[in-house]
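Work through the exercises below with the sequence and the structure in view. Each task is followed by a solution in steps.

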Amino acid sequence: MKWRSEAGAEAGAVPVEFAAAIAMLLLPVFVFVVTIAPVVERRTVAGRAAAEAARAFVVADDVAGGEAAARSIVDQINAGHPFTLTLSSLTGYLDRGSVVSATVEVAMPVIIFPGVIEFDVADYTATHEEEVDLFRSLP
């Protein structure tokens, strides 16, 4: 019985230390996942918006209609997200075989905790090039 009395002050310390160690190991992983997910989302959405804008321009009947369609696509994509995409450039012609390029910019968060704080510091630029079909029937 003497053995139990010597361990009395230390009894129950292992589960507390184990819980603290697990928390210290999982906290950085949690912060990384919470921080990196919005970055990946914005990159993916910007790339897809650039591709859709370029495609909308390519299938349009004329340049003015293509620009309007591309801006409309980016506006529709903007409506579904809490961040703002900007169609910064749209270049090219609708001649057969020419290449149309669409560039979309989005502000990237450097530090983000959803619902608490977010710092937008860097802009990410996504560019997509779409070729006008060689066999396109022009109006």
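A residue is called buried under 20% relative accessible area, exposed over 50%, and partly exposed in between (1.4 Å probe, protein chains only). The model is predicted: local features need pLDDT of at least 70, side-chain atom pairs count only at pLDDT 80 or more, and totals for chains, interfaces and linings use all residues. Residues are numbered from 1 along each chain as its sequence is written, and side-chain values use heavy atoms, with hydrogens and water left out.

**Exercise 1.** Find how many salt bridges the structure holds, and describe the one between Arg48 and Glu52.

Solution.
- A salt bridge is a side-chain nitrogen of Lys or Arg within 4 Å of a carboxyl oxygen of Asp or Glu.
- The structure holds two of them.
- Between Arg48 and Glu52 the N to O distance is 2.9 Å.
- Both residues belong to helix H2 (residues 13-58), four residues apart, about one turn of the helix. Helices (H or I, at least four residues) and strands (E, at least two) are DSSP runs, numbered from the N terminus.
- Glu52 is partly exposed because its relative accessible area is 31%; Arg48, at 47%, is partly exposed too.

**Exercise 2.** Which parts of the chain does the pair Arg55 and Glu130 link?

Solution.
- Their side chains form a salt bridge at 3.4 Å, N to O.
- Arg55 is in helix H2 and Glu130 in strand E3 (residues 117-131), 75 residues apart, so the pair links distant parts of the chain.
- Arg55 has 40% relative accessible area and is therefore partly exposed, whereas Glu130, at 19%, counts as buried.
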